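Student: I'd like to go through this one and check what the labels really stand for. Can we take them one at a time?

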Amino acid sequence: MANVTLKLPGHQYDIRVEPGALLQMGSWVRAVAPHAQAALIADAAIEVTHGSKALASLRAAGYDVVTATMPSGEEHKTLDTARQLYEPLLQRRLDRKAPIIALGGGVTGDTVGFVAATYLRGVPFIQCPTTLLAMVDASVGGKVGVDVPQGKNLIGAFHQPHLVAIDTETLTTLPPRELRCGLAECVKHGVIRDEALFEWIGNKLQNILQLDAHTLVELVAWNVRIKANVVMADEKESGERAHLNFGHTFGHAIESTTGYSAFHHGEAISLGMVAAARLAVSLNRCAATVAQRIESRLQAIGLPTGAANLPPTSTLMDAMFADKKVAGGKLRLVLPTRMGAVDLVSDAPADAIVAAWDSLHA
């Protein structure tokens with residue numbers, strides 16, 4: 001087991017990483033949000049495989065549990081889904097002290113977190129991520145929200161959880177494609193903060209892909225520590241936290257212009273990191289070897305570094321300017337300066353960004 005404590009002014013919470021954590025989750029929730037009622041909202045597919053353990057754990061801890069599910073997939077991370085999830089909470093008159101538990105991947109955590117942030121103006125929220133991507137990134141830091149046709153995560157809030165309970169055994173039921181997608185965010189953490197993690201992922205890649213239990217705990221805990229440290233330094237993304245967006249302005253444009261269906265999130269972020277690194281090289285902000293190392297690592301994992309089915313560059317450029325990180329009409333892009341360090345750049349020439357997009361059209 002590993003435990004990381006994220007401390008913020010007026011609030012702190014534990015991120016617990018342990019095989020079998022779902023079996024103990026109820027007692028952990030009881031310690032941070034004691035109440036008669038709780039709500040468990042799960043991804044519909046995850047509810048089938050892991051829902052019974054989570055529900056039994058909550059009931060064993062003495063909770064009267066309101067249950068609900070939401071469909072899988074980014075296309076369901078919407079205000080309509082949130083509206084539907086409010087219904088069982090209102091029907092059962094869940095009050096302001098009752099915790100809401102999200103069981104699923106990043107889509108579930110973001111959507112259910114948005115529900116928790118807005119139901120009765122905010123109730124206790126518990127994250128139980130079941131995908132690698134959600135474990136190492138989406139579940140930590142309090143960003144919650146939904147997508148709209150104009151772009152990804154444009155409607156949302158900061159609503160920190162009371163607890164993040166990570167059961168690494170859920171990764172054994174994760175499709176290989178989703179495991180690889182989660183590794184995209186791990187590579188990102190290595191690029192922006194920790195070259196040692198970047199190298200460790202390469203050295204331990206086979207252990208990770210073979211789901212070695214000890215390696216998975218170490219992988220998740222290492223990434224959680226990086227994410228937690230960044231969030232503690234800059235909770236509301238006024239500066240340093242923006243570094244976590246490396247590859248994401250490009251990646252979100254890919255997702256929104258392809259209807260969140262052609263590429264999984266980690267695949268879009270992989271392409272986005274390649275584009276950002278190539279842009280950095282073209283602007284003489286980092287050595288070409290940095291971009292080459294990033295691309296080689298992503299290729300070894302099995303993630304894309306180019307794609308023939310990308311929309312036209314002009315469409316992708318338009319989508320970039322709908323991103324929430326645009327400030328004063330200028331794109332704010334996170335670009336590497338060396339392995340383990342990045343800068344926030346708002347003066348990248350349009351023609352250089354276009355060239356970076358063009359380079360992805362394999």
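**Labels against their cut-offs**

Tutor: Leu120 is found in the loop between α4 and β6. Helices here are DSSP runs of H or I with at least four residues, strands are runs of E with at least two, and both are numbered from the N terminus. This is a predicted model, where local features need pLDDT of at least 70 and side-chain atom pairs count only at pLDDT 80 or more, while totals for chains, interfaces and linings use all residues. Residues are numbered from 1 along each chain as its sequence is written, and side-chain values use heavy atoms, with hydrogens and water left out.

Student: What makes the phi of Leu120 worth a remark?

Tutor: Phi of Leu120 is near 55°, a positive value in a residue other than glycine. Asn284 also has a positive phi, about 60°, and is not a glycine either. Asn284 sits in the loop between α11 (265-282) and α12 (288-301).

Student: Why is Leu120 called partly exposed, and why does Asn284 count as exposed?

Tutor: Buried means under 20% relative accessible area, exposed means over 50%, and partly exposed is in between (1.4 Å probe, protein chains only). Leu120 has 35%, so it is partly exposed. Asn284 is at 72%, so it counts as exposed.

Student: And why is Val326 called partly exposed?

Tutor: Its relative accessible area is 22%, so Val326 falls between the 20% and 50% limits. Val326 lies in the loop between α13 (313-320) and β10 (333-338).

Student: How do you know what Val326 is in contact with?

Tutor: Contact means heavy atoms within 4.5 Å. Leaving aside neighbours within four places in sequence, Met320, Phe321 and Leu331 are in contact with Val326.

Student: What makes α6 "largely enclosed"?

Tutor: Of the 17 residues of α6, 13 are buried, so the helix is largely enclosed by the rest of the structure. Helix α6 (residues 176-192) reaches 25 Å from its first C-alpha to its last, close to the 24 Å expected. That expected span is 1.5 Å times one less than the number of residues.

Student: What makes a set of residues a nonpolar core?

Tutor: The members are buried Ala, Val, Leu, Ile, Met, Phe, Trp, Tyr and Cys residues, joined through side-chain atoms within 4.5 Å. The largest such core has 81 residues, and Ile353 and Met320 are among those with the most contacts inside it. Helix α9 (residues 213-233) gives the largest share of this core, 11 residues. A second, separate core has 24 residues, including Met70 and Val112. In soluble globular proteins, nonpolar side chains tend to be buried together.

Student: Why is a space called a cavity?

Tutor: On a 1 Å grid over the protein atoms alone, a cavity is a set of points where a 1.4 Å probe fits but cannot get out; lining residues have an atom within 4 Å of a point. Grid points are joined across faces, edges and corners, and the volume is the space filled by probe spheres set on the points. The whole structure has 2 cavities of 30 Å³ or more. The largest holds about 90 Å³, and α10 gives the most to its lining, with 4 residues.

Student: How many lining residues of the second largest cavity are polar?

Tutor: Its lining has 6 polar, 3 nonpolar and 1 charged residues. Ala, Val, Leu, Ile, Met, Phe, Trp, Tyr, Cys and Pro count as nonpolar, Asp, Glu, Lys and Arg as charged, and the others, Gly among them, as polar. Gly104 and Gly105 are among the residues lining this cavity, so they count as polar.

Technical notes. 1 Å grid on protein atoms, 1.4 Å probe; cavity = no way out; pocket = protein on both sides within 12 Å on 5 of 7 lines; lining within 4 Å.
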